[in-house]
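Here are a few notes to read alongside the model. Have it open while you go through them.

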Amino acid sequence: WPQFTTLLDNIETPGAKTDEHIAERYLALGDRDDLAQLVLDEMRLTREWVLKVTDSERPLARRRILGRAVQLRAPYVDALSLIQVRALEALRNGDTDDDTFEQIRHVLLLTVSGVSAGVQNTG
């Protein structure tokens with residue numbers, strides 16, 4: 001059924017691009033540990049069910065070219081994501097002078113562009 005296949009693809013693809021440990025770092029920026037845990041639990045459950053429904057051992061197994069592209073870009077996107085988390089933490093701490101604040105803000109904007117380009121969407 002084409003609509004169901006598209007739905008699964010639309011769930012599977014961003015899930016394959018998401019690193020759970022980095023997601024934890026982003027979620028830790030908030031002050032809702034209960035909500036963060038709920039998001040992580042749902043992410044794991046969604047991954048599990050997509051793999052069951054698609055009868056796959058790993059995300060994007062049925063889409064080899066995309067799967068390989070995601071795999072190759074992951075180390076770069078992950079590094080940018082971790083830099084972005086650090087920049088967000090620094091900006092939220094507010095312990096910076098104006099010049100440092102602008103430098104960190106610039107790094108943050110660069111990482112937003114880099115992550116967006118690396119994952120091939122802005123979602």
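**Notes on two helices and a loop**

Leu60 sits in the loop that runs between H3 and H4. Keep in mind that this is a predicted model.

1. Leu60 has a positive phi, near 65 degrees, although it is not a glycine. For context, most residues other than glycine have a negative phi. Is Leu60 buried or exposed? It is buried, with a relative accessible area of 2%; the cut-off for calling a residue buried is under 20%.

2. Now look at Asp55, which lies in the loop between helix H3 (33-54) and helix H4 (64-93). Asp55 also follows H3 directly in the description of that helix, again with a positive phi. The value is near 55 degrees, in a residue other than glycine. Asp55 is exposed, with a relative accessible area of 70%, while Leu60 is buried.

3. On to H3 itself. The helix has 22 residues and reaches 32 Å from its first C-alpha to its last, close to the 32 Å expected at 1.5 Å a residue. Its buried residues include Ala36, Leu40 and Met43, and Val50, Leu51 and Thr54 are buried in H3 too.

4. Why do the buried residues of H3 line one face of the helix? Seen down the axis of H3, they fall within an arc of 100 degrees, so they line one face. As background, an α-helix has 3.6 residues a turn, so residues three or four places apart point the same way.

5. H1 deserves a similar look. Its 15 residues should span 21 Å at 1.5 Å a residue, and the end C-alpha atoms are 21 Å apart, which agrees. In H1, the buried residues are Leu8, Asp9, Glu12, Thr13 and Gly15. They cover an arc of only 160 degrees around the axis, which puts them on the same side of H1.

6. What do the buried residues of H1 pack against? They pack against H3 and H4.

Terms used
Residues are numbered from 1 along each chain as its sequence is written. This is a predicted model: local features need pLDDT of at least 70, side-chain atom pairs count only at pLDDT 80 or more; totals for chains, interfaces and linings use all residues. Side-chain values use heavy atoms; hydrogens and water are left out. Helices (H or I, at least four residues) and strands (E, at least two) are DSSP runs, numbered from the N terminus. Buried means under 20% relative accessible area, exposed over 50%, partly exposed in between (1.4 Å probe, protein chains only). The expected span of a helix is 1.5 Å times one less than its number of residues. The arc is that of the directions from the helix axis to the C-beta atoms. Contact means heavy atoms within 4.5 Å.
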